[in-house]
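Me: Hello! I would like to learn how to read a protein model, one feature at a time. Could you walk me through this one?

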Amino acid sequence: MKILLAASEAFPFIKTGGLGDVVHSLPLALKQLGHDVRLVLPAYRDVLAGVESPTELGSWMIPGMKRSHKVILLQAHQNGLGDYLYLIHVPALFDRPGNPYVHEEGYDWPDNAERFTVFSRAVAEMARGLPGKKWLPDVIHCHDWQTGLVPAFLSLQQPRPATVFTIHNLAYDGHFSQQNFIDLGLPASWWSVEYVEFYGGLSMLKAGMVFADRVTTVSPTYAKEICTPAFGYRYEGILRSLGTKLSGILNGIDLTIWNPETDTYLAKNYSAKKQCTAGKAKNKQFLLNRAGFNKTVDKTAPLMGFIGRLVEQKGIDMIIRTAPVLFETSNVNMVILGSGHMAYEAEIQQLAEDYPGRLYVHIGYSEELAHQIEAGCDIFLMPSRFEPCGLNQMYSLRYGTLPVVHHTGGLADTVTDAQIDTIKNKTATGFVFYHETDEALREAIQRALVLYTQSSVWKQLCHTAMLSPLGWERSAAEYLKLYRLSMASVAK
Ligand code: ADP
């Protein structure tokens, strides 16, 4: 099958979040399964700086907008990528410093509507055949609102490839004004509730939802949740109307990067079968030292970790309120790594001052510390209010650091709560709470602390967690099934 993935980010070229990880791993997993997979990204300045000698395949004009644009299609040649990576080069729109979506002063780039409309039109153009290559994709898999207009533009082309549109986080929808819609020169008939109009504006996410042959999101539970008002961001009606066109496919993780057996950031490598207890103890000691706790590993003092964006979605406020109770009533220590809202950053730093030697906080981004927390902690906290898929709970499982999670989205789909029956049948991998309250979080942590004292049960849970199937093969196979279904619906 010939598959073109279109997205605004892909590790290692450009990444601002989980989307970049998925767009890195999924095409590689599809390639492994024997398919001809290619990836197209905007030629951001950081991307151009990270690829060697891109060559120009061709160019075309995009007319009909307030400003017309010349689009240059580049192909990157390096790292044995072959025909793998294409870049949409429009210097006026993408060749600028920093973040793909926001100016360094924190506001959205004012021409975002124009930038991602041009990108989407260029991707649709690629479906007519690459200049000098005669390569026609069977399916174009688009990711998030930045590519939402791709299926819309393709609906105007005949013949056309099948389209799959994946929503990574409904909270970001690419919503622009009616004036933007007019300036972009989009077909007037699209300005309707059946198409791209959404509460008086243009929604690029909605364009993807209504025009794609199939719509997916990144976990089965999130696919159900977004059909309800509590999670739907006002899109729940549209999503419900998609019926079986909408489904959830769980993300995998990159098992080569997140592998405690080979991870070069760790003080000691270990696996479920080799050196697990000793390996984790060494990594715990390393982390305690790095945190400046001046403590030796004590089997009665569990270490808890949190990594992530310090925003309400991640339930960081619940951790801030719960931590003092834990410090006062138990022997728990804690490490927090993240950045986000300044108010949360300040509150956490204050907490670390109030509990020296108990709480270590690192405000910022650190790949190295993230790996060391996953390896060195006993318990990982992830009380997200919503979580489309989530990666950290999966890294935690793989590193034998038992996650405490809220029953939502991908957290619900990846962690099996330790209850009498799941412990007995050896399927338990963590601790799940069902209500979004501090009490429910505390109760789940208490259950973890009790089991932590029963070392043979704890060992069994860690073992099961570490052997959970978390790679990309399963997800890639599910996407392939969906590509085939969408191709069949186009052929009809
Ligand atoms: P989201 O995409 O909502 O931020 P995910 O759990 O899906 O959450 O993915 C976040 C990714 O970013 C993970 O790989 C996580 O480890 C990483 N990450 C988040 N914050 C930090 C940080 N401060 N330092 C290192 N890695 C981080």
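Reply: Gladly. This is a predicted model. Let us begin with a sheet: six strands form an open sheet in the order β15-β14-β13-β16-β17-β18, and the pairing is parallel.

Me: Which are the edge strands of that sheet?

Reply: They are β15 (359-363) and β18 (431-433), each of which pairs on one side only. From one strand to the next, the twist averages 15°.

Me: What holds the strands of a sheet together in general?

Reply: Strands of a sheet pair through backbone hydrogen bonds, and the pairing is either parallel or antiparallel. For a case here, take strand β13 (residues 303-310) and strand β14 (residues 333-340): they run parallel and are joined by eight bridges. You can find the pairing on screen by looking for leucine 303, which stands opposite asparagine 333 in β14.

Me: Which helices pack on this sheet?

Reply: One of them is helix α11 (residues 316-329), which touches β13, β14, β15, β16 (379-382) and β18. The direction of α11 makes about 160° with that of β14. Another is α18, in touch with β16, β17 (402-406) and β18. Its direction makes about 75° with that of β17.

Me: Now to another sheet. What is the strand order in the open sheet of nine strands?

Reply: The order is β3-β4-β5-β2-β1-β6-β7-β11-β12, and the pairing is mixed. At the edges are β3 and β12 (246-248), each pairing on one side only. Ignoring direction, neighbouring strands of this sheet are turned by 25° against each other on average.

Me: How can I see the mixed pairing for myself?

Reply: Compare two pairs. Strand β7 (residues 162-167) and strand β11 (residues 214-217) pair in the parallel sense over four bridges, and phenylalanine 165 has valine 215 in β11 as its bridge partner. Strand β3 (residues 55-62) and strand β4 (residues 69-75), in turn, run antiparallel and are joined by seven bridges. There, tryptophan 60 has valine 71 of β4 as its bridge partner.

Me: How many residues lie between the strands in the hairpin of β3 and β4?

Reply: Six residues lie between them, and in this hairpin glycine 64 takes a positive phi near 90°.

Me: Which helix packs on the nine-stranded sheet?

Reply: Helix α19 (residues 473-491) does, touching β1 (2-6), β6 (139-143), β7, β11 and β12. The direction of α19 makes about 135° with that of β7.

Me: How do I read two helices that cross?

Reply: Look at the distance and the angle between their axes. Helix α17 (residues 438-452) and helix α18 (residues 455-466) have axes that come within 7 Å and cross at roughly 115°. That angle makes α17 roughly perpendicular to α18. The contact is formed by Ala448, Leu451 and Tyr452 of α17 with Ser455, Val457, Trp458 and Leu461 of α18. Sorted by class, this contact has six nonpolar, one polar and no charged residues.

Me: And at what angle do α10 and α13 cross?

Reply: The axes of helix α10 (residues 276-290) and helix α13 (residues 367-376) cross at roughly 130° and come within 8 Å. This makes α10 oblique to α13. Their crossing is left-handed. On the α10 side, the contact residues are Lys280, Asn283, Lys284, Phe286, Leu287 and Arg290; on the α13 side they are Glu368, Leu369, Gln372, Ile373, Glu374, Ala375 and Gly376. By class, this contact has five nonpolar, three polar and five charged residues.

Me: What should I look for in the backbone itself?

Reply: Most peptide bonds are trans, and most residues other than glycine have a negative phi. Here, a cis peptide bond joins phenylalanine 11 and proline 12, with omega about 5°. Proline 12 sits in the loop between β1 and α1 (18-32). Another cis bond joins glutamine 158 and proline 159, with omega about -5°, and proline 159 is in the loop between α5 (149-154) and β7. As for phi, lysine 134 has a positive value of about 55° although it is not a glycine. You will find lysine 134 in the loop between α4 (112-126) and β6.

Me: Finally, how many helices and strands are in the chain?

Reply: The chain has 19 helices and 18 strands. Its C-alpha trace spans about 70 × 45 × 45 Å along the principal axes. A compact globule of 492 residues would have a radius of gyration near 23 Å, and the 24 Å of this chain agrees with that.

Methods
Residues are numbered from 1 along each chain as its sequence is written. This is a predicted model: local features need pLDDT of at least 70, side-chain atom pairs count only at pLDDT 80 or more; totals for chains, interfaces and linings use all residues. Side-chain values use heavy atoms; hydrogens and water are left out. Axes are lines fitted to C-alpha atoms, for helices over the stretch in contact, and angles run from 0 to 180 degrees between N-to-C directions. Angles under 35 degrees count as roughly parallel, over 145 as roughly antiparallel, 65 to 115 as roughly perpendicular and the rest as oblique. A crossing is left-handed if the near helix is turned anticlockwise from the far one by less than a right angle, and right-handed if clockwise. Contact means heavy atoms within 4.5 Å. Ala, Val, Leu, Ile, Met, Phe, Trp, Tyr, Cys and Pro count as nonpolar, Asp, Glu, Lys and Arg as charged, and the others, Gly among them, as polar. Two strands pair if DSSP finds at least two bridges between them. The radius of gyration is taken over C-alpha atoms; the globule rule is 2.2 Å times the number of residues to the power 0.38.
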